[in-house]
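This report goes through a single protein model, contact by contact and helix by helix. Please look over the sequence and the coordinates before reading on.

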Amino acid sequence: CVLLRHHARVSKYKILSSILTMTQQNATNLILIPARFIVTIGHFLAISMANHSSDDNIRSSLYASSVSANDHYTSHYSTLDPVLQSPPTSLYHHPEYRSLRTELNSAISIAYACMAIDMISLLFGLSIFKKRVNFFQVVTHFFGSVLVCYFVAYSMKAELLWHIVGWTNITTVSVELIGLIVTYHSNSPARW
């Protein structure tokens with residue numbers, strides 16, 4: 001009878017310790033999964049803002065290309081291209097406008113495609129319980145949304161969006177795809 005009581009106490013402690021271990025493991029998932037969803041949506045909204053304010057970024061790029069290297073410290077009104085000083089409708093006839101518009105639209109389209117892959121993977125649960133992937137996604141999408149908001153707020157040159165998309169969108173999709181390949185082509189469960 002004494003052995004049964006002792007065995008019952010030991011099993012209670014084992015059960016309690018296993019519950020605490022499971023709770024600690026799930027606590028990170030309880031934080032990371034909603035954070036990943038929210039930060040990914042925030043990055044998507046920032047890319048949408050960049051899409052809608054693209055004329056300001058193109059104008060900034062055209063202004064930067066019209067200023068020579070020696071004129072950086074002069075008044076920007078004296079060094080502006082006459083086309084840029086005219087009403088906004090003549091901006092669309094500027095010779096470099098179409099190439100910059102195509103470049104910006106390409107970067108935004110690739111960002112949208114990467115966001116779609118990330119959201120599909122998140123919503124279908126393909127990588128939802130991989131802590132390292134979730135942590136990487138949260139950090140990268142956070143910095144991506146901050147950089148894109150900075151890009152929009154300060155009307156930075158259109159070419160800089162490629163760097164932001166490359167470092168924050170393409171890397172997340174690459175990590176996502178590597179995690180999926182490791183998970184589905186290995187015999188043991190992946191520890192990503």
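## Aromatic pairs

Phe142 has a relative accessible area of 44% and therefore counts as partly exposed, a class that lies between buried (under 20%) and exposed (over 50%), taken with a 1.4 Å probe and with protein chains only as cover. Phe143, at 47% relative accessibility, is likewise partly exposed. The model is a predicted one, in which local features need pLDDT of at least 70 and side-chain atom pairs count only at pLDDT 80 or more, whereas totals for chains, interfaces and linings use all residues. Residues are numbered from 1 along each chain as its sequence is written, and side-chain values use heavy atoms, with hydrogens and water left out.

Over the whole structure, a search returns three aromatic pairs, where rings of Phe, Tyr and Trp (its six-membered ring) pair if their centres lie within 6.5 Å, and where planes under 30 degrees apart count as stacked, over 60 as edge-to-face and the rest as tilted. One of these pairs is tilted, because the rings of Phe44 and Tyr112 have centres 5.6 Å apart and planes at 50 degrees. This pair links distant parts of the chain, with Phe44 in helix H1 and Tyr112 in helix H5 (residues 97-123), 68 residues apart. The rings of Phe142 and Phe143, by contrast, have their centres 5.5 Å apart and their planes at 65 degrees, so that pair is edge-to-face.

## Helices and backbone

The protein contains seven helices and zero strands, where helices (H or I, at least four residues) and strands (E, at least two) are DSSP runs numbered from the N terminus. Read along the sequence, the pattern is α-α-α-α-α-α-α, and of the 192 residues 33% count as buried.

Two helices can be checked against an expected span, defined as 1.5 Å times one less than the number of residues. H6 has 23 residues and reaches 33 Å from its first C-alpha to its last, close to the expected 33 Å. The buried residues of H6 include Val133, Asn134, Gln137, His141, Gly144, Val148 and Phe151.

Just after H5, Gly125 takes a positive phi of about 75 degrees. Most residues other than glycine have a negative phi. Ser155, however, has a positive phi of about 45 degrees although it is not a glycine. Ser155 lies in the loop between helix H6 (131-153) and H7, and its relative accessibility of 23% makes it partly exposed.

## Salt bridges

Two salt bridges are found in a search of the whole structure, each being a side-chain nitrogen of Lys or Arg within 4 Å of a carboxyl oxygen of Asp or Glu. In one of them, the side chains of Glu176 and Arg36 meet at 2.9 Å, N to O, which links helix H7 (residues 160-184), where Glu176 lies, to helix H1, where Arg36 lies, across 140 residues. Glu176 is buried, with a relative accessible area of 1%, and Arg36 is also buried, at 1%.

In the salt bridge of Arg101 and Asp55, the side chains meet at 2.6 Å, N to O. Arg101 lies in helix H5 and Asp55 in helix H2 (residues 54-66), so the pair ties together parts that are 46 residues apart in sequence. Arg101 is buried, with a relative accessible area of 18%, whereas Asp55 is partly exposed at 23%.

## Surface patch and cysteines

Phe37, Ile38, Ile41, Phe44, Leu45 and Leu123 form a nonpolar patch on the surface with about 560 Å² of accessible area together. Patches are made of residues with over 30% relative accessible area and no salt bridge, with like charges joined within 9 Å and nonpolar side chains (Val, Leu, Ile, Met, Phe, Trp, Tyr) within 5 Å, and the areas come from the Shrake-Rupley method with a 1.4 Å probe, only the protein chains shown counting as cover for residues. Helix H1 (residues 2-52) supplies the largest share of the patch, five residues, and Leu45 lies in that helix.

How many disulfides are there? The count comes to zero, with a disulfide taken as a pair of cysteine sulfur atoms within 2.5 Å. Cys114 is buried, at a relative accessible area of 9%, while Cys149 is partly exposed at 33%.
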